Each structure stands twice: as C-alpha cells, then as structure tokens.
Amino acid sequence: VVTAPAESHLTGRLVTHEVLLDALLPAGGELAYKGGLVVREHPSKGFFVEGLTEVCVDGEADCTHWVSRALDNFDAEETRCGTAGGPLRVHCMLTLRTWVRKADGSEVVSDVQLVDLAGWQRPEKAASSRNVKDPKEKDKKRAPLYEDIVVKAVMRVTDCLEQRASHIPYRDAKLTRLLQKPLGQSGACVVLLHVGQDSYEETEAMLQYAQRLSQVELRVSSSSVDYFAEQERHAARIHELCTALNKDPTGLKSTSLALNLGSSDEEVELRSCVAACERLSEEAAAWERVRFRSDAFREDGGAAVERLDRRAP
C-alpha cells in the first residue's frame with residue numbers, strides 16, 4: 001500500500017491516499033500502476049483485492065523464496081518513494097493462506113496476514129519560525145503537516161473496537177477493509193512493536209496505541225462450507241420445483257429463467273436455487289483456478305502479467 005500525498009481543499013493539508021500495488025510483480029514505472037489494484041467485496045468471502053497474484057508453494061523453502069521476493073520489492077518501492085520528493089509511505093502486507101480439502105468435500109481455509117505499518121508522518125519543526133513576529137509569516141515558515149489516512153483509519157477502527165461501538169469504520173481505508181476479519185470477525189491479532197531509542201515521541205505514541213489495542217477483545221471463530229452437500233440440497237429442491245412447474249431440470253441456467261411481475265413464488269425460488277448451485281460450483285473450483293494461474297506465473301516470473309485493467313476471473 002503506497003500512500004501518495006494530495007492537498008485537501010478543506011484544510012489545505014497534504015493528505016495521503018492509498019494505492020495498492022502487487023509486490024510479486026517485477027518493478028515497473030509509475031505509469032504502469034495507474035492507481036493500483038481495486039478492493040472488491042464478495043457476498044460470502046468478504047473483501048478481496050481484484051487481480052492480486054497468488055502463488056502456490058510446495059514447502060517451506062519455496063515459501064521463503066517468494067516471501068523474500070515480495071520483501072525485496074517492498075524495499076525497492078520504499079526506495080523509490082523516498083526519492084520522489086514527497087511524504088510517500090509504504091505499508092507492507094503479506095497473506096499466507098492454507099487451503100485444506102477433506103475427503104468428505106468440505107474445505108478449511110486459514111489466512112495469516114502480516115502487516116507492517118510505516119508509521120505516522122510528523123510535521124518538521126521549523127526553528128526559524130520562533131523569531132517571526134507576524135503570524136502570517138510564521139505560518140509560511142512553518143513546515144507542512146502530512147496526514148496518513150491509512151494509519152488514522154487503523155486507529156479509528158481500534159478505538160471503536162476498544163469502545164465496543166455498534167459501527168466499526170472498516171470502510172474508511174482499503175487496508176482496514178482487508179483486515180476486517182482478523183481485527184473483528186473471525187481471527188486473532190498479535191501486535192509486535194519496534195521500540196527505538198532515536199525518537200521518544202514515536203516510541204511513546206506506539207506504546208500508547210499498543211495499550212489501547214490490548215483492551216480489544218476478539219473472538220476467534222471458524223466457518224466451514226461443504227460444497228457437495230449444499231449442491232445436493234439445492235439440486236433436490238430444484239428437481240422438486242421443476243416437477244411442480246413441469247420443467248426439465250437438465251442444463252438449466254439461471255440466466256434462462258426470466259422473471260416478471262406475474263412470476264410465481266416457485267419460479268422465483270427455482271431461479272434462486274439454480275443461481276446458488278452455480279455460485280457453489282464456481283467457489284468449489286476456486287482452488288483449481290488459483291493453481292492454474294500460479295503455474296502460469298511461475299513459468300515467466302510475472303513478466304507477462306499486465307498491471308493495467310486486471311480483473312478477477
């Protein structure tokens with residue numbers, strides 16, 4: 001996540017906005033990003049990054065290789081942002097996913113998300129402003145103030161979780177959307193702080209934030225979906241509805257079932273059941289699609305992947 005600055009028309013401050021980049025892709029110029037990737041919301045799986053590269057690993061050594069490649073690209077991006085002449089911040093996020101398919105057809109998916117926040121960009125103190133008597137001239141001498149909306153969004157989510165508010169503002173930033181599950185729905189969160197001796201203010205702020213975060217209570221929960229059992233249940237209901245409506249269930253598609261104001265409840269339910277079966281079939285084949293794209297990515301290392309206009313299949 002790269003936070004690039006933009007001047008606010010309300011406060012006049014430079015406020016950063018988010019640009020999502022794929023760390024597994026080879027380095028590219030600024031024109032190759034065009035605003036970065038897009039966060040979408042799936043009706044059952046929640047938020048995800050559309051078109052993000054996923055690589056299937058065969059063991060610990062293979063996993064270490066691809067994680068090292070991503071971290072190298074993170075470092076290169078930080079170097080590029082540090083020499084861009086602005087307060088660019090690079091927040092790193094890695095997702096390690098284990099995908100287990102049992103013999104009965106059910107699947108267990110677990111995600112481990114590692115997030116490294118770049119921190120808060122504090123204003124630089126201008127020593128010469130103390131000797132300026134005119135307030136207007138003093139404002140000109142004062143260094144600009146930068147605000148990182150990613151860090152502020154994470155802090156707002158933490159504050160709401162600590163206060164057990166009815167509404168948690170996960171949608172305030174792209175990063176907080178992706179962290180919705182581990183921060184408050186079905187995961188656990190572990191905070192690691194790097195305490196440095198070079199900045200007392202930064203260390204104090206991090207410790208205060210960690211103290212607030214320690215008051216948040218999370219409940220770890222798991223969800224399991226048996227695709228084959230769900231498909232059989234919907235298929236049985238489709239057969240019953242087709243018998244009642246005198247329809248042939250063979251090759252039935254949801255797009256071929258047109259509804260209007262005069263459609264009966266059975267016709268509406270039939271279309272819903274067919275659409276549910278199609279969705280379950282697509283989700284059950286997700287692992288095969290990931291494996292296919294991973295093999296294609298490994299062949300050329302991502303050289304043939306287009307950064308622009310990538311959409312999830």
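The protein chain has nine helices and nine strands; helices (H or I, at least four residues) and strands (E, at least two) are DSSP runs, numbered from the N terminus. This is a predicted model, so a few ground rules apply: local features need pLDDT of at least 70, side-chain atom pairs count only at pLDDT 80 or more, and totals for chains, interfaces and linings use all residues. Residues are numbered from 1 along each chain as its sequence is written, and side-chain values use heavy atoms, with hydrogens and water left out.

Now for the overall picture. Of the 313 residues in the protein chain, 30% are buried, where buried means under 20% relative accessible area, exposed over 50%, and partly exposed in between (1.4 Å probe, protein chains only). Among the chain's contacts with a separation of 6 or more, 60% come from residues 24 or more positions apart; contact means heavy atoms within 4.5 Å.

Take α3 (149-162) and helix α8 (residues 265-284). Here they are side by side, with the expected span worked out as 1.5 Å times one less than the number of residues.

| Helix | Number of residues | First to last C-alpha | Expected span |
|---|---|---|---|
| α3 | 14 residues | 20 Å | 20 Å |
| α8 | 20 residues | 28 Å | 28 Å |

In α8, the buried residues are Leu270, Cys273, Val274, Ala276, Cys277, Leu280, Glu283 and Ala284. The partners of α8's buried residues are β3 (38-42), β6 (92-101), β7 (106-116), α7 (227-245) and α9.

Ser254 sits in the loop between α7 and α8 and counts as buried at 8% relative accessibility. Beyond its neighbours within four places in sequence, Ser254 is in contact with Arg271, Val274, Ala275 and Glu278.

As for α3, its buried residues are Val150, Val151, Ala153, Val154, Val157, Thr158, Cys160 and Leu161.

After α3 comes Arg164, with a positive phi near 55 degrees. Arg164 belongs to the loop between α3 and α4 (174-178), and its 62% relative accessibility makes it exposed. Asn246 also has a positive phi, near 60 degrees, and is not a glycine either. The loop between α7 and α8 holds Asn246, which is exposed with a relative accessible area of 73%. For background, most residues other than glycine have a negative phi.

**The second largest pocket**

Arg164 turns up again here. The second largest pocket has a volume of about 280 Å³. Of its 13 lining residues, the closest to the centre are Leu161, Arg164, Glu217, Leu218 and Arg219. On the method: a 1 Å grid is laid over the protein atoms alone, a pocket is an open set of points where a 1.4 Å probe fits, with protein on both sides within 12 Å along at least five of seven lines, and lining residues have an atom within 4 Å of a point. Grid points are joined across faces, edges and corners, and the volume is the space filled by probe spheres set on the points. Both α3 and α5 (180-185) supply at least two residues each of the lining. By type, the lining divides into six nonpolar, three polar and four charged residues; Ala, Val, Leu, Ile, Met, Phe, Trp, Tyr, Cys and Pro count as nonpolar, Asp, Glu, Lys and Arg as charged, and the others, Gly among them, as polar.

A search of the whole structure gives two aromatic pairs. In one of them, the rings of Trp66 and Phe297 have centres 5.7 Å apart and planes at 50 degrees, so the pair is tilted. Rings of Phe, Tyr and Trp (its six-membered ring) pair if their centres lie within 6.5 Å; planes under 30 degrees apart count as stacked, over 60 as edge-to-face and the rest as tilted. Trp66 is in helix α1 (residues 60-82) and Phe297 in helix α9 (residues 286-300), so the pair ties together parts 231 residues apart in sequence. Both Trp66 and Phe297 are buried.

Val67 is in helix α1 as well, but is partly exposed at 23% relative accessibility. Leaving out residues up to four places away in sequence, Val67 touches Leu94 and Leu96.

**Leu179**

Finally, Leu179 lies in the loop between α4 and α5 and is buried, at 10% relative accessibility. Apart from residues up to four places away in sequence, Leu179 touches Met93, Gln113 and Val115.
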